[in-house]
Amino acid sequence: MKLFNRIIAFALFSAAFLAPLPLATSAMAQSATVAALAKPTSLPEIAIGSAKAPVTITEYASMSCPHCAAFGENVFPMLRSKYIDTGKVRFVFREFPLDIKAAAASMLARCIGKDDPEKYLGAVAILFKQQDRLMDQTRDTLKLIGKLNGMSEEDVETCEKDQALLDKLAADQKYAFDVLKVDSTPTFFVNGDRVKGAMSFEELEARLKPLLKR
């Protein structure tokens, strides 16, 4: 009986000692994800907000994704005005095209932006607003949006035939899939914590507030 009691006592002690490990493991995994997200991408980073912001949100989106468009039109403006422009959040946008039409749209946004995040995100906003037309009349819509941003039809065609740009886009998507386990859009990383699927502003804000209190 004494031996049995000692075994039980040791088991209880071990359970108490090891209980925090799942949390520690989770924290380590999140830290590893943050490190993976910080690695340089093939394409220039599209980021706005203070580099010293306590929270970084990274979004993986496809130009053909309705939920991504809804986030861009309905949630992002409030996120920007309340948290990004006030220095509380750094926002990173990354492409994860789900089809060739989305890839073509992402390439156009890159050509319009010319590594300027604001110009790039402005082009993305237009592409999202024209998403239905983009899916139905891809070539004409790309040419129209290019024209609105000072590009000729030849400029747009040259952009869409840029194999090096397409290769970099594909390489970044492969990294996201293989390393970060992104397999759908939108996928968000909030300080390394993965969130799959659409979020309302209220849901996003509920995630942000605890992080901003630390």
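Predicted model: local features only at pLDDT ≥ 70, side-chain atom pairs only at ≥ 80, totals over all residues.
Helices (H or I, at least four residues) and strands (E, at least two) are DSSP runs here, numbered from the N terminus.

Residues are numbered from 1 along each chain as its sequence is written, and side-chain values use heavy atoms, with hydrogens and water left out.

Rolling a probe the size of a water molecule over the atoms shows where empty space is left. On a 1 Å grid over the protein atoms alone, a cavity is a set of points where a 1.4 Å probe fits but cannot get out, while a pocket is an open set with protein on both sides within 12 Å along at least five of seven lines; lining residues have an atom within 4 Å of a point. Points are joined across faces, edges and corners, and a volume is the space filled by probe spheres set on them.

The structure holds 1 cavity of 30 Å³ or more, and the largest cavity has about 80 Å³ of space. Its lining includes Thr41, Pro44, Tyr60, Arg110 and Tyr175. Strand E3 supplies the largest share of that lining, 3 residues, and helix H9 (163-178) also gives at least two.

Now for the open spaces. In the largest pocket, 13 residues make up the lining, and Ala104, Arg139, Leu142, Glu157 and Glu160 sit nearest the centre. Helices H4 (100-113), H7 (138-148) and H8 (153-160) each bring at least two residues to it, with H4 giving the largest share, 5 residues.

What about the second largest pocket? It has 15 lining residues, and Gly72, Phe76, Leu121, Val124 and Ala125 are the closest to its centre.

The table sorts the linings by class: Ala, Val, Leu, Ile, Met, Phe, Trp, Tyr, Cys and Pro count as nonpolar, Asp, Glu, Lys and Arg as charged, and the others, Gly among them, as polar.

| Space | Volume | Lining by class |
|---|---|---|
| Largest pocket | About 240 Å³ | 6 nonpolar, 1 polar, 6 charged residues |
| Second largest pocket | About 200 Å³ | 11 nonpolar, 1 polar, 3 charged residues |
| Largest cavity | About 80 Å³ | 5 nonpolar, 1 polar, 5 charged residues |
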